Amino acid sequence: MSFLFFVVRRVALLVPTLFGVSVIGFLLAYLLPGNPALVKAGPLATPQYVAEMKHKMGLDQPVHVQYTRYLTGLLHGDLGESSSTGRPVLTDFMQRLPATLELTVASLVLALLLGVPMGVLCAVHRDTVIDHFGRVFSVAGVAMPSFWTGLILIYVFFYLFGIAPAPLGRLDPGISPPVPITGLYTVDALVSGNWHAFQSSLAHLALPSLTLAISVMAPLARMVRAGMLEILETDYVKTAWAFGLPRRLVIYGDALGNAIIPAVTALGVVFGFLMAGNAVVESVFGWPGIGNYAVKSLTMKDSGPIQSYVLLVALMCILVNLLVDLAYSLADPRIRIG
Amino acid sequence: MTTEIGRATYAADTETVYASFRRRLLRNKLSLAAFCAIGLLVVIAILAPLIVPLDPNEPDANAVLERPSWAHMLGTDDFGRDELSRIIIASRTDLLVPFVSTLLALAIGSLIGAICGFRGGWLDQIVMRMVDAVMAFPAFVLAMGLTAAIGSSITNLVLVIAVTQIPAYLRQLRAEMLREREMEYAHAARTIGNPTWRIVFIHLFPNCFPTLIVQATLAMGFALLTLAGLSYIGLGIQPPDSEWGEMISEGASLMVTGYWWLSLFPGIAILMTVLIFNLVGDGLRDLLDPRTRGR
């Protein structure tokens, strides 16, 4: 099967999912009890005004008409207006998305840098102290609520040791953001040679990304360990040992490449976990991303942004899963047949 | 291969299922400890009002923000309420909500999954596409959206957490049914004229049950984390009711000023409970897995 055909088929399969996701988004935003007209009209509005508001917002129309309206709005990038900031929700999102992406990417990289070697170490030193320690860490890592991990890290590194900056935002007060190129402060600061901003943004990024990384590295490490154990038993690895190749070359050259495949396919799932953890971790660290924005709006009785946030996260997860699948099928032609 | 089958048959012949279960449970000390710990947790939750050292909701102006001491083993919060008492009382919510929601999701998910797997056809297709759509949302994010929409009473939280779990059971049972319905005993049951519902629920379902129980135990831990996370961002249990996530949230702003005990202990309670659920789940998997049975 050609790659092009695979892409077309994979994308076509998304259509029912996207339809379903939009229906759920519509349900969350309009049909469930938190009546948007009531919220928009305010607590002191007369029933008459609420009815008028309902009519203006099209909430007195039949469901399918409302859904069409919702979908049309969505396709035009209309996510409604935030009553707490008074601006279109999409504008608010776009402004905060780079912060969320920076945090997500940083924690993904960190999780890979810590989780993969841990999985390899545990597999190579199977049933030794190292392996047991790794297992305890994996089990504990998934059992810890990420907001709690974050708070503990803040207590230890900010309050006790004083080496981490205050958990408020992306930069120290008094340092102006670097010239916006990608929106990722660390990258922008590095590109524009702004050393102060780079140091500050990296310091602020460290604890939140570590918090998120801890929550997802355990399953990663476990997958790499399982894959590695299997590969170490294969004939070609045994052959490599028999030839007397250096240990490092066998483990990192021959074995790891194949052992890591299951972990790569799981990256889409890991991304989903990271996005789910984001909302909470951003709140802990005052990180100005989209999750924090949605949660903050909610405390001001504004539920519009959170519904758009839920929808946006689902769309991002679908996109990432698609990209992972496509990249994977490019690397491994066998997938295209299945 | 033959020796393995031989050994398994031998074990099945000479040992009752119960005895074999007990023997393997005793062999794995860690699982056994986890089973006991769950029992202990349940007892604590049931007896909570009787065993709390102090009234969990009684403020004490003379004992505000006290460090852990003999009078207050886990310290007091900014209202002077005893942390240990609050953690004990909160165990009721923190066990009940995950338990009821998991049970609910298990019942609904396995019922629909069984029907889909056995019947197949257009109904199955439609349900599976719906499941795909629900699963496109990360569970916690969907839970956020749902509670924001329907409000955060305890009943709603149970419903929301159940909804996020249903797809997993549904998919799993559907897959098991697809496999089981082609087995010889299923064909035999049909041949002798059993009605469909009887084949599905009396003959096939019991064979799918073990994997479901493992899944449910692991899901309880996840349900607790979801509940605590929702409470942390203000969507779950509201003060003055106590819940571990809510307690962490109350202590969060004081953590940066050095009052570590307010958030530390409820977090440990969550960590330990989820850990116990996961260990029991892993232990059950070992016990119920036919490949390790009889060894």
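Biologist: Before we dig in, what are the numbering and confidence rules here?

Modeller: Residues count from 1 along each chain as its sequence is written, while chains are lettered from A and ligands numbered from 1 in the order in which they are written. This is a predicted model, where local features need pLDDT of at least 70, side-chain atom pairs count only at pLDDT 80 or more, and totals for chains, interfaces and linings use all residues.

Biologist: Which scores does the model get, and which helix of chain B has the lowest mean pLDDT?

Modeller: The model scores ipTM 0.88 and pTM 0.89. pLDDT is the predictor's confidence in each residue, from 0 to 100; its mean for chain B is 85, with 89% of the residues at 70 or more. Over residues 8-12 of chain B pLDDT stays under 50. Helix α4 (residues 83-119) of chain B has the highest mean among that chain's elements, 93, and the lowest, 49, belongs to helix α1 (residues 2-14) of chain B.

Biologist: How many helices does chain A have?

Modeller: Helices are DSSP runs of H or I with at least four residues, strands are E runs of at least two, and both are numbered from the N terminus. Chain B has eleven helices and zero strands. Chain A also has zero strands, and its helix count is 17.

Biologist: What share of chain B is buried?

Modeller: Buried means 20 or more other C-beta atoms within 10 Å of a residue's own, exposed means 12 or fewer, and partly exposed is in between, with C-beta atoms placed from the backbone. In chain A, 40% of the 338 residues are buried. For the 295 residues of chain B, the share is 45%.

Biologist: Which element gives the most to the side of chain B that touches chain A?

Modeller: Two residues are in contact if their C-beta atoms, placed from the backbone, lie within 7 Å. On that basis 40 residues of chain B are in contact with 40 residues of chain A. The elements of chain B giving two or more residues to that side are α5 (121-135), α6, α9 (196-232), α10 (244-255) and α11 (261-288). With ten residues, the biggest giver is α6(B).

Biologist: How many charged residues are on that side of chain B?

Modeller: Ala, Val, Leu, Ile, Met, Phe, Trp, Tyr, Cys and Pro count as nonpolar, Asp, Glu, Lys and Arg as charged, and the others, Gly among them, as polar. The side of chain B that touches chain A has 28 nonpolar and ten polar residues, and its charged residues number two.

Biologist: Zooming in on α6(B), how many of its residues are buried?

Modeller: Gly151(B) follows the helix, with a positive phi near 90°. Among the buried residues are Phe140(B), Val141(B) and Met144(B). Of the twelve residues in α6(B), the buried ones number eleven.

Biologist: Which residues of chain A does Met144(B) contact?

Modeller: Met144(B) sits in the largest nonpolar core, which has 156 residues; such a core is a set of buried Ala, Val, Leu, Ile, Met, Phe, Trp, Tyr and Cys residues joined through C-beta atoms within 7 Å. Leaving aside neighbours within four places in sequence, Met144(B) is in contact with Leu230(B) and Leu235(B) in chain B, and in chain A with Ala279(A), Ile306(A) and Val310(A).
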